[in-house]
Amino acid sequence: MWRWLTQHFPRLSMSVRRHPLRAGVIVVVVLACVVALIIVVPPLVSRPPCGPGMSASGDACVGVDLASGPIAKGEPAEMGALEADIKANNDIRTSDGQPSQDYISIVLLLNFSPIAGIDTQSYSDIYSDVDGAITAAWRANHTAAVQGSLPKVKLFLGNMGSQYAHWSDAVDQIAANAAANHITSVIGLGESTDATRAAAARIVDRAHLPVIGATVTGDTMNFYPGSTRRDNGFFRVSPTNTDTVAVATRYIASIQRDQTHVAIVQDNVPGDDYNQTLATAADNDMPAAHQFPFTSPATLPAGIKRSQELIQQFSFLDQNICSVAPTVIYFAGRGADLGPFVQTWTQAGTPCANGQLTIITGDDGGSAIDDPALHQAVRAGITVLFTAVATADQWGPCPAPGVQLSPDQASYDTFQAAFTGQPDVCTHLRVTADDGAAPLSFGLPDLRSGDAILTQDAGFAAITAARRADRAADTGDGGLVVRDPYSQVGLIEEMRCTNAVQGASGLIQFSQNPANYGNPIAKPVPVVQINADGTTRTLSAVPGADSAVTC
């Protein structure tokens, strides 16, 4: 260190000889500054530049991204491109070029800084959610698809951080910035966990905003955490786990009538509403099936990936499963864990691995579509299915020439045309912007999991409620008059029967049964097969357990 100092500061050596005491003080000060730089600068450099509405947490920003800037350090270029698309959408101007104050905003709340090997969702999983939300905003701003085209709609991304650990920070930021940024509702939420359920309840209670879940299927998401008290500000456009398991059970019965040849592999990790309610529904609907529990890691030691921990568990579990010689396995766990499960089944020398086997799981199985381990298992002869929240081909083929499209199929085809910027499948018509705005250009593969379809529908429901509230309170001056976003809850409740909203996944209409408050009714549940090349095929699409509900 002394050599470095004298090389870079040559007068220091001369000063030592002339003024040794003063030079000693200088050296101490310089060394202190160097140490401070070593300690302080790296953390500052590693943190992303968080914009308004956000605060730094490790390598990510949590909160609501009001500036539509980067959320995490080193995030993929595709994420940056989506943020740029959102920023361009949010640049709403008046006729004289000034920023418009006549707009409403919705927040897509998810984990936008997933960590590979830790989180059960990846960046590739969340792209389709963002695509769907952007499509909802684009159609609302540039076409008459959602209650006209006014007031205009801004879209913000809300980040709860890895494993949703900073959900409370994100909610507090949304609440603090709601009034100034005309936020009228929160959509999305991502996975059905205790954290996302707590976030939904706090948004309703503290921010006084309605919440519309897109792909949250856990049965208890519409209740307060640790309580049977209903959350009257929470809605969802996806079917529940009870619905999806009912459909899976009917499908399993069509290929294996004897439930004693069915195994239920269920994740018992605490705090995951998706796994728990999926397993409960499967146990209830298939009482003669054999149950094989495992516990996925809630936390992991440094350097250990989730799949490594699970492969060890599954190696032992597979031996026990073989003892009942199943032909069907219902996997009540996360889609991210399906790859490690089938990998151990096919590669660990399991005695019954060569027999014909069908594995079916819930909607989170859509996150395993691109898993190489799953593709290898399919090539080895395993059939892998999941009950999706929506699919591109759930309405079947186009009708014969001259036969009118059903409202559901017509609505989906219009959505797909807007989503891709290409002609729709059946009528070959394009969706063009009324104001000449550039079309969207998202790819068809982003529709495989169904998340983009459901997120667009959640956005449609949120924007519909906000615009209806605006018109109901209009005083005639043409300005934005939505004052209390929570008043929209009543309007969302009224989305039943004649007030239903036509979405890309079917009619958006909510149950009138208090026991199912906030849940949709008569939602189709497609059974989807995953192929070895990552493509998918819908085998059937039938209504879930609530199909008997009528208006």
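Is G365 buried or exposed? I looked this up first in the model, which is a predicted one. G365 is buried, because its relative accessible area is 0%, and the cut-off for buried is under 20%.

**Entry: surroundings of G365**

I then placed G365 in the chain. It sits in the loop that runs between strand 11 (358–361) and helix 12 (372–379). I listed the contacts of G365, leaving out residues up to four places away in sequence, and got G335, F386 and I530. I also checked R334 against G365: the two are 31 residues apart in sequence, and their C-alpha atoms are 6.9 Å apart in space.

**Entry: aromatic pairs**

How many aromatic pairs does the structure hold? I found 12. One of them is formed by F235 and F510, with 5.2 Å centre to centre and 55° between the planes, which makes the pair tilted. I noted where the two partners lie: F235 belongs to strand 7 (residues 234–236), and F510 to the loop between strand 14 (506–508) and strand 15 (524–530), so the pair ties together parts 275 residues apart in sequence. I looked up the exposure of F235 and F510 as well, and both are buried.

I also noted one aromatic cluster, formed by F294, F314, F331, F341 and W345.

**Entry: charges over rings**

Which ring has the charged end of R229 over it? I found that of Y224, with the charged end 3.8 Å from the ring centre. I recorded K154 too, which lies over the face of Y103 at 4.1 Å from the ring centre.

**Entry: the largest pocket**

I looked up the volume of the largest pocket and got about 940 Å³. The pocket is lined by 47 residues, and the closest to its centre are T120, S122, D125, A336 and S367. Helix 5 gives the most, with 5 residues.

How do the lining residues divide into nonpolar, polar and charged? I wrote down 15 nonpolar, 17 polar and 15 charged for the largest pocket.

Key:
Residues are numbered from 1 along each chain as its sequence is written. This is a predicted model: local features need pLDDT of at least 70, side-chain atom pairs count only at pLDDT 80 or more; totals for chains, interfaces and linings use all residues. Side-chain values use heavy atoms; hydrogens and water are left out. Helices (H or I, at least four residues) and strands (E, at least two) are DSSP runs, numbered from the N terminus. Buried means under 20% relative accessible area, exposed over 50%, partly exposed in between (1.4 Å probe, protein chains only). Contact means heavy atoms within 4.5 Å. Rings of Phe, Tyr and Trp (its six-membered ring) pair if their centres lie within 6.5 Å; planes under 30 degrees apart count as stacked, over 60 as edge-to-face and the rest as tilted. A charge sits over a ring if NZ of Lys or CZ of Arg is within 6 Å of the ring centre and within 35 degrees of the ring normal. On a 1 Å grid over the protein atoms alone, a cavity is a set of points where a 1.4 Å probe fits but cannot get out, and a pocket is an open set with protein on both sides within 12 Å along at least five of seven lines; lining residues have an atom within 4 Å of a point. Grid points are joined across faces, edges and corners, and a volume is the space filled by probe spheres set on the points. Ala, Val, Leu, Ile, Met, Phe, Trp, Tyr, Cys and Pro count as nonpolar, Asp, Glu, Lys and Arg as charged, and the others, Gly among them, as polar.
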